[in-house]
Amino acid sequence: MMNSKTTEQGHFITVEGGEGAGKSCNLAFIQTLLEAAGKRVLFTREPGGTPLGEAIRELLLGHKHTGMADDTELLLMFAARAEHLQRKILPALEQGAWVLCDRFTDASFAYQGAGRGIADDRIALLERFVQGELRPDLTLLLDLPVEIGMERAGNRSQPDRFEREEVSFFEKVREGYLRIAAREPERVRVIDASPALEVVQQQIADVIQAYLESHDG
Ligand code: Z5A
């Protein structure tokens, strides 16, 4: 699907990272860069992005179901994703928008796979079922040591169900993300998110600029 793109079809860009990696501030920066290049951008997020998806997000991140089984967590992520794809992402791409998404399926491999221990091939089964051949065109992975991320995120008054996990969980998530990046270096560009914001944003601007130059037609 996305790999045999026509000129009218949009582009699908995702941003990933561990706890406190700085996705929120950098997503706004990426949107600005794309819009300055004349692209029509649809910003969205996972889990969520649609009314039903946001309701599923509440179930996943809230504290009502703290003992949720790992498979349930994974299936809810993909249920929200199916809705998101059908109702929002695919129609936007078909209309030529640049979809900028805060997390996508790499997060399922990192959190439910590497973090919770669900085998990659089981996740890949759902990926194929829900997405077919669709994969992001470009993914920016904001990477930083877990302690720095936790320190940055630490000021939140109400940690969600994931943010209550141990350091060891987030170490596994980070390793999971880095394995994906090592496997798919063309798609997944690793950004060192540990220095000052302007240094991080310079790296991001370079990646976006290079992507725009190689895909503008
Ligand atoms: N999840 C999953 O398990 N499986 C899936 O398939 C999907 C998701 C799709 C919700 O995600 C949870 O869902 C997530 C994974 C799981 N759980 N966790 N953890 P989320 O993306 O909504 O939640 P989040 O990861 O906690 O994101 P966040 O709260 O938006 O954090 P962030 O965007 O990465 O960080 P930030 O708020 O931009 O920055 C944190 C602080 O650091 C803030 O005060 C900034 O001003 C500061 N900051 C940022 N950059 C810098 C630099 N460079 N220097 C100094 N300070 C900085």
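**The loop with P47**

I started at P47, which sits in the loop between β2 (41-45) and α2 (51-61). This is a predicted model, so I am reading coordinates from a prediction throughout. I looked up the peptide bond that joins E46 and P47 and found it to be cis. Its omega comes out at about -10 degrees.

**The loop with R103**

Next I went to the loop between β3 (98-102) and α4, where R103 has its place.

**Around the ligand**

I then went through some atom pairs by hand. From S108, a polar side-chain atom lies 2.7 Å from an oxygen atom of the ligand. From P195, a backbone N or O atom is 2.9 Å from a ligand nitrogen atom. From A21, a polar backbone atom is 3.1 Å from an oxygen atom of the ligand. My list therefore holds pairs within the 3.5 Å used for a polar contact.

**α3 against α4**

Helix α3 covers residues 70-94, and its axis is 11 Å from that of α4. The angle between the two is about 175 degrees, and α3 and α4 are therefore roughly antiparallel to each other.

**α4 against α7**

I stayed with α4 (residues 105-115) and turned to α7 (residues 167-183). Their axes come within 8 Å and cross at roughly 135 degrees, which makes α4 oblique to α7. The crossing is right-handed. From α4 I listed D106, A107, F109, A110, Y111, A114 and G115. Their partners in α7 are F169, F170, K172, V173, G176, Y177, R179 and I180. The residues of this contact divide into ten nonpolar, two polar and three charged.

**α1 against α8**

My last stop was the pair α1 (residues 23-36) and α8 (residues 197-215). How far apart are their axes, and at what angle do the helices pack? I read 10 Å and about 40 degrees. That angle makes α1 oblique to α8. The crossing of α1 and α8 is right-handed. In α1 I find C25, N26, F29, I30, L33 and L34 facing L197, V200, Q201, I204, A205, I208 and L212 in α8. By class there are eleven nonpolar and two polar residues in this contact, and no charged ones.

Technical notes:
Residues numbered from 1 in each chain as written. Predicted model: local features only at pLDDT ≥ 70, side-chain atom pairs only at ≥ 80, totals over all residues. Heavy atoms only, no water. Axes fitted to C-alpha atoms, helices over the stretch in contact; angles between N-to-C directions. Helix = DSSP H or I, 4+ residues; strand = E, 2+ residues; numbered from the N terminus. Parallel < 35°, antiparallel > 145°, perpendicular 65-115°, else oblique. Left-handed = near helix turned anticlockwise from the far one by under 90°. Contact = heavy atoms within 4.5 Å. Nonpolar A, V, L, I, M, F, W, Y, C, P; charged D, E, K, R; others polar. Polar contact = N/O pair within 3.5 Å; in protein donor to acceptor, adjacent residues only side chain to side chain.
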